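User: Please walk me through how to read the strands and helices of this model. Keep it brisk.

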Amino acid sequence: MRLPDGIADDLTFLTDFRRDLHAHPELGFEEVRTSDLVAKWLEEAGLKVHRGLGKTGVVGTLQVGNGTRSIGLRADMDALAMPEIADRPYKSREAGKMHACGHDGHTTMLLGAARHLAKTRNFSGTVHFIFQPAEEGRGGAKRMVEDGLFELFPCDAVYGLHNMPGLDPNEIAVVTGPQLASSDSWRLTFRGVGTHGAKPHLGRDPVTAAGTFLASLQSIVGRVVDPLQPAVVSACSVRAGDPKALNVIPDTVEIGGTARAYTPEVRDQLETEIGRLARGTAEMYGISVDYEFERRIPPVVNDADATARALSAAQAVFGKKTRTSFPPSTAGDDFAFFGLEAPGCYVWLGNGPAVDGALHHNTAYDFNDDAIGPGATFWSTLVEQELARAE
């Protein structure tokens, strides 16, 4: 792949910048240093910079010519609350914090595109470079939207990009339709009557009820949801009793988990059916249950027209290494909230072989610097094509 001269010449700076971010990870809504650096380099490149949306979010705007179309390009900036185990020169200097999902790389690629486009100015229209805080479960995208992102910076289309281990850095996947699942949480508490473990007949046992509920939980996906519709329901936390009191049946059992779907209909169905199973189980055992379903992140579904434009840019950069078929992920991304405000497309850029810890949220993960140039080039090409100058 041949990179534009401006991006190729900037790779040393961009690589050093990415590794500096990696060494100084910041959690969601705490990206003070990161956003300071992003704003600094955007301003030095000549972009108009707005700060404070979503607390630590940064939006850099570049307007060229008299084109009336506006698009948004998004990169997430936050790290994860986990230790970095692998030893590398730019290893995290912050205990218990790590860039284990490549957001340092996402930020770098978008900054690289902004710097390049600010120099070449080979388009006509407006680009909003959106540097989002708190993607990792803390609601950064929703917060930016609530703070007026799309009122202040209207977009005719919005685009997101995420690295993908298993694809080569010179590969990209651009696919219409569902890309990431909804990400919702559910919690319930079975409330019985505690008693001596040797006299269960004198109480109402919530532990046995919890066992029945857990054993039946997968029947929702296996026997209720349409088998042609993907869905996931997982119990991820169970709390009951005290391991130091093994002769006591507790009063309560708390269970929590996640639910994932790609359509609003299945999302509704999961909420209803988990509650139905919980209440039916409680009734069976003569106890009560409290149930809560928290809708956190909608599914990411690529708009057909936006995807066609992203695909054109991808093919111009990656050629035959552009994939138009790629399985959706059951992970979630709050880019979905941006996609509810403007037609959106979310693409997957290769991060190299998925070996030796090169998996998202792994303590040995690292963003592949070989992807910086291709990623920045894709962003730049997308802008130049979608906001092409009138001949």
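User: Which residue stands opposite Tyr-159 in E5?

Analyst: Strands of a sheet pair through backbone hydrogen bonds, either parallel or antiparallel. Here Leu-73 stands opposite Tyr-159 of E5. This is a predicted model: local features need pLDDT of at least 70, side-chain atom pairs count only at pLDDT 80 or more, and totals for chains, interfaces and linings use all residues. Residues are numbered from 1 along each chain as its sequence is written, and side-chain values use heavy atoms, without hydrogens and water.

User: Which strands does E5 join, and how many bridges are there?

Analyst: Strands (E, at least two residues) and helices (H or I, at least four) are DSSP runs numbered from the N terminus. Two strands pair if DSSP finds at least two bridges between them. Strand E3 (residues 70–76) runs parallel to E5, with four bridges. Strand E16 (residues 344–350) is also parallel to E5, through seven bridges. There, His-162 has Trp-348 of E16 as its bridge partner.

User: Is E5 mostly covered or exposed?

Analyst: Buried means under 20% relative accessible area, exposed over 50%, and partly exposed in between (1.4 Å probe, protein chains only). E5 spans residues 157–164 and is mostly covered, with eight of its eight residues buried. Ala-157, Tyr-159, Leu-161 and Asn-163 point one way, Val-158, Gly-160, His-162 and Met-164 the other.

User: What is the strand order in the open sheet of four strands?

Analyst: The order is E10-E12-E8-E13, with antiparallel pairing. Strands E10 (231–240) and E13 (288–297) are the edges, each pairing on one side only. The twist averages 15 degrees from one strand to the next. E10 and E12 (residues 252–261) share nine bridges. One of the bridge pairs is Val-232 with Arg-260 of E12.

User: Which helix lies across E8, E10, E12 and E13?

Analyst: Helix H8 (residues 264–285) does, running at about 165 degrees to E13. Angles run from 0 to 180 degrees between N-to-C directions, and axes are lines fitted to C-alpha atoms, for helices over the stretch in contact.

User: At what angle do H1 and H3 cross?

Analyst: Two packed helices are described by the angle between their axes and the distance between the axes. The axes of H1 (residues 5–23) and H3 (residues 103–120) cross at roughly 145 degrees and come within 9 Å. Contact means heavy atoms within 4.5 Å. Among the contact residues are Phe-13 and Phe-17 of H1 and Leu-111 and Arg-115 of H3.
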